[in-house]
Amino acid sequence: MADFAAFRRAFPDDESCLRALAAPLGEDERACPACGRRAAFQVDPAARSVRCAACGHLARLCAGAPFEPADRPLVPWLYALVRLAAPSSGAPTADLEAVLG
């Protein structure tokens with residue numbers, strides 16, 4: 001994704017970003033670290049987490065990241081991560097600074 005406008009079309013809000021961050025977890029049931037039962041985990045946008053369907057345990061997807069505080073929108077941060085991770089993106093600092101503020 002070359003520019004922020006194109007990225008915004010693909011990821012228009014925090015929920016779409018959370019779903020992208022949770023995608024590597026897959027749709028399969030997995031053991032919950034809190035209750036130990038195998039259960040599906042659903043994205044909980046209000047908590048910026050995935051929630052165990054069995055016990056309600058929240059696994060925070062943004063814990064320890066610069067965008068962990070809820071007052072920081074995920075869209076610009078995920079854009080920055082995608083740009084920096086892209087092979088030879090050469091993401092200019094000025095470009096990212098304009099997006100991140």
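Modeller: Begin with glutamate 15, which forms a salt bridge with arginine 19, the closest N and O atoms being 2.8 Å apart. A salt bridge is a side-chain nitrogen of Lys or Arg within 4 Å of a carboxyl oxygen of Asp or Glu. This is a predicted model, in which local features need pLDDT of at least 70, side-chain atom pairs count only at pLDDT 80 or more, and totals for chains, interfaces and linings use all residues. Residues are numbered from 1 along each chain as its sequence is written, and side-chain values use heavy atoms, with hydrogens and water left out.

Colleague: Where do glutamate 15 and arginine 19 lie?

Modeller: Both belong to helix 2, four residues apart, about one turn of the helix. Helices (H or I, at least four residues) and strands (E, at least two) are DSSP runs, numbered from the N terminus.

Colleague: How many salt bridges does this rule give?

Modeller: The count is three. In one of them, arginine 48 meets aspartate 14 at 3.1 Å, N to O. Arginine 48 lies in the loop between strand 3 and strand 4 and aspartate 14 in helix 2, so the pair ties together parts that are 34 residues apart in sequence.

Colleague: Is arginine 48 buried or exposed?

Modeller: Buried means under 20% relative accessible area, exposed over 50%, and partly exposed in between (1.4 Å probe, protein chains only). Arginine 48, at 6%, is buried, whereas aspartate 14, at 26%, is partly exposed.

Colleague: Which residue does aspartate 44 meet in a salt bridge?

Modeller: Its partner is arginine 51, at 2.5 Å, N to O. Aspartate 44 is buried at 15%, and arginine 51 is partly exposed at 30%.
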